[in-house]
Amino acid sequence: MDKGVKAPFLGRMAYFCPVMSKPTLTPQENNFQAIISHAKEYGFVFPSSEIYDGLSAVYDYGPYGSELKKNIRDYWWHSMTQMHENIVGIDAAIFMHPTTWKASGHVDNFSDPMIDNKDSQKRYRVDHLIEAKADSLRAAGAGAEADALLAQMDQLLAAENFEALKNLLTEQKITCTVSGTSNWTDIRQFNLMFDTQLGSVAEDANTIYLRPETAQGIFVNFLNVQKTARMKVPFGIAQTGKAFRNEIVARQFIFRMREFEQMEMQFFVRPGTQMKWYEYWKEARLNWHTQLGMPAHKYRFHDHVKLAHYADAALDIEFEFPFGFKELEGIHSRTDFDLTRHQEFSKKKQQYFDNDIDEATGKPYGNYIPYVIETSIGLDRMFLAVLSNAYEEEKITKEDGSTDERVVLHIPAKIAPVKLAILPLVKKDGLPEIARELMDSCKGQFKCFYEEKDAIGKRYRRQDAIGTPFCVTIDHQTKEDQTVTIRYRDAMTQERVHISKVKEIVMGAIA
Ligand code: GAP
């Protein structure tokens, strides 16, 4: 479960985007800042409502960002619902009956223990304060002491012994980084769900929640989907959509947002077979990433040691972001917890009748509540993984020995926002007409971009900066022999091909 925050609350002003000015940045931080600036400058990601100084941890996707995001979503949807005959999709509402969240445990448990410093008014997640202290002990060579501190913290968190946790902060002389004091409030649980009112008359209005995960929309529709799509266990239900969490401190750009999008799939299996399917999805999901062209060495699995009460196994697929390895996707074996709880709270049976014959008894497996393996990935986090992996500030040595620089996004061709740029060398001599004809023959199949303005080198650089894998230049020779120059983004090599081959080359790369 990815819930929680990484840094101190920034108070009332945190609703507005903090100014990114740090005196000294590490090369990784510099690179990350450059990626954020590039994302804005080239129309990928903008701070939300920027003209009002933005809204912290909320972002808008621009013309190229929304294309890239859609392409990642489509790639996921296609691999789930088209490449697996036993997975179907749904599109459930964001608002759900409030009992859903009582049954799922979110009302009571989807919270983090937080503490405020009375002098600075800053709010912190308690485990992060203690972890930071452990890090400083380790850095000072006191590794054993750090381990003991973390073990004690785990114990107290598990027991929800907040008084002892607060004492631990005092004993360890943990202070607020802003005020420098240890003038702490008591520790309280802070629920991460946003609530709102349904109904126009205040007295009659019901509190409802903005969903903090899309998964529950799948669980409550389990039987609707199973019956209408005539699915047999094992089968899956996939969904993409918005989720909302009131992250106390959200930073690291689109890594941790208050409004974000998830791509989740719940795979319903016969009880007792869940570990087999857990292993299957663990590998299948990693393959999904590498088959897209993401580098295998930037991925690793992180098994959860402390399991949530409903899980019998769980792991994160971590990716090496510019700020280190962090969770990108979760694979969770959720047992029959969710369906059982919904059966209990709704008083509606959530059983499935399995008429396959159990070889051990010679009889049908009969009625049971299926177990569930969940795969859950944040679309925005995947976007950030793709963007940060793609970004390169490249030094180029030209044939004449002179040097140049370019910023290029090596986005995998199949998800690149624009696949082909069509560039007539000049605005006259019939070249635009040929270019427009090529544009018209390709734009129904994939996203193309047409441009006549500026020198060709400048136009290439602009396409590099948004990650367009192919540029085609129409010049005077095209009129003679119907050939064009096709330029490949990554190698920057160029070759002449017949104009009729262009579509085929692009289609081959994005298939
Ligand atoms: N249904 C299971 C679930 O929601 P999770 O680990 O809490 O599990 C799944 O979230 C994924 O959603 C994470 O791996 C992450 O990619 C993404 N995610 C979670 N919180 C996020 C946030 N505040 N901002 C962006 N993405 C987030």
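Mentor: First, a term: a polar contact is a pair of N or O atoms within 3.5 Å; within protein, one must be able to donate a hydrogen and the other to accept it, and residues adjacent in sequence count only if both atoms are side-chain atoms. Keep in mind that this is a predicted model, where local features need pLDDT of at least 70 and side-chain atom pairs count only at pLDDT 80 or more, while totals for chains, interfaces and linings use all residues. Residues are numbered from 1 along each chain as its sequence is written, and side-chain values use heavy atoms, with hydrogens and water left out.

Now zoom in on Glu-374, which sits in strand E16, residues 371-378 (strands are DSSP runs of E, at least two residues, numbered from the N terminus). Glu-374 counts as buried because its relative accessibility is 2%, the cut-off being under 20% relative accessible area with a 1.4 Å probe, protein chains only. Its side chain makes polar contacts with the side chain of Gln-266 at 2.9 Å and with that of Arg-334, also at 2.9 Å. Setting aside neighbours within four places in sequence, Glu-374 also touches other residues, including Ala-215, Met-265, Gly-330 and His-332; contact here means heavy atoms within 4.5 Å.

Definitions and conventions. Helix = DSSP H or I, 4+ residues; strand = E, 2+ residues; numbered from the N terminus. Buried < 20%, exposed > 50% of the residue type's maximum accessible area, 1.4 Å probe, protein only.
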